Amino acid sequence: MELLLLQAHKSMAATPSVAPSSLFRSLTIHNCSISRNQQQQQKLRPCSVARSISSQSRLQAVAKAKEAAESGAPTLFDKIVSKQIPSTVVYEDDKVLAFRDVSPQAPVHIIIIPKDRDGLTQLSKAEERHTEILGHLMVTAAVVAKQEGLVDGFRLVVNDGLQGCQSVYHLHLHLLGGRQMNWPPG
């Protein structure tokens, strides 16, 4: 997935008239769902991706992204932190970066990431040493929500692993708001 996004970014650089969001939007995950029939059969349908990418290709891309991130290779989000890939930053301090999602699932959809991944490819990899940054991410979410005018509420989402519909293996929070959220979310 990161490779596809990076290829889209390179295409965008070669074609300045194309908006970055249109290229990235065509490659990002749109939803993740499990049908009742599949639940009964204990088979999961992979997160659906842009129509041009097959489920098998998507699974392979996500597996490669996970493997690369766990080996220490830069993730898409590392490249956003280092400004190699542009983003619309809404908050930044020495520990975290918050930016608008290129494929928003709500009127306000912001991604909040630690600048230093420090082994946090996903929440299930968190260790005691990550307590401070995990707390800082949550406090930052509250600060950004207030900054964005989400006084009537918001939702925080953390996708973890393949079945959790995670595609970028760099821990991140999705801050969603600006509309009534529904339950159940998945």
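Colleague: Which residues does P114 touch, leaving out those up to four places away in sequence?
Modeller: This is a predicted model. Contact here means heavy atoms within 4.5 Å. With residues up to four places away in sequence left out, P114 touches K95, V96, I133, L137, H170 and L171.

Colleague: Is P114 buried or exposed?
Modeller: P114 lies in strand β3. Buried means under 20% relative accessible area. P114 has a relative accessible area of 1%, so P114 is buried.

Colleague: What distance separates the C-alpha atoms of P114 and D93?
Modeller: P114 and D93 are 21 residues apart along the chain. Their C-alpha atoms are separated by 9.9 Å.

Colleague: Where in the secondary structure is H109?
Modeller: The element in question spans residues 108–114. H109 is in strand β3.

Colleague: Is H109 buried or exposed?
Modeller: The cut-off for buried is under 20% relative accessible area. H109 has a value of 6%, therefore H109 is buried.

Colleague: Which side chain joins that of H109 in a polar contact of 2.8 Å?
Modeller: The side chain of H109 has a polar atom 2.9 Å from the backbone nitrogen of Q105. That one involves backbone on the Q105 side. The contact of 2.8 Å is between side chains, and the partner of H109 is H174.

Colleague: Which element gives the most to the largest nonpolar core?
Modeller: That core has 16 residues; A98, I110, I112, L137, V144 and L175 touch the most other members. β2 (96–100), β3, α6 (131–147) and β5 (173–177) each supply at least two residues. With 5 residues, the element giving the most is α6.

Colleague: Which residues does V144 touch, not counting those up to four places away in sequence?
Modeller: V144 is one of the core residues that touch the most other members. Its contacts include A98, I110 and L175, which are also on that list.

Colleague: How many residues are in the second, separate core?
Modeller: Its members include F77, V81, I113 and V168. The count for this second core is 10 residues.

Colleague: How many helices and strands does the protein chain have?
Modeller: From the N terminus on, the elements run α-α-α-α-α-β-β-β-α-β-β. The totals are 6 helices and 5 strands.

Colleague: What share of the residues of the protein chain counts as buried?
Modeller: The chain has 186 residues. Its accessible surface comes to about 10500 Å², with 53% belonging to carbon and sulfur atoms. The share of residues that count as buried is 39%.

Conventions:
Residues numbered from 1 in each chain as written. Predicted model: local features only at pLDDT ≥ 70, side-chain atom pairs only at ≥ 80, totals over all residues. Heavy atoms only, no water. Helix = DSSP H or I, 4+ residues; strand = E, 2+ residues; numbered from the N terminus. Buried < 20%, exposed > 50% of the residue type's maximum accessible area, 1.4 Å probe, protein only. Polar contact = N/O pair within 3.5 Å; in protein donor to acceptor, adjacent residues only side chain to side chain. Areas by Shrake-Rupley, 256 points an atom, 1.4 Å probe, with all protein chains shown as cover. Core = buried A, V, L, I, M, F, W, Y, C linked by side-chain atoms within 4.5 Å.
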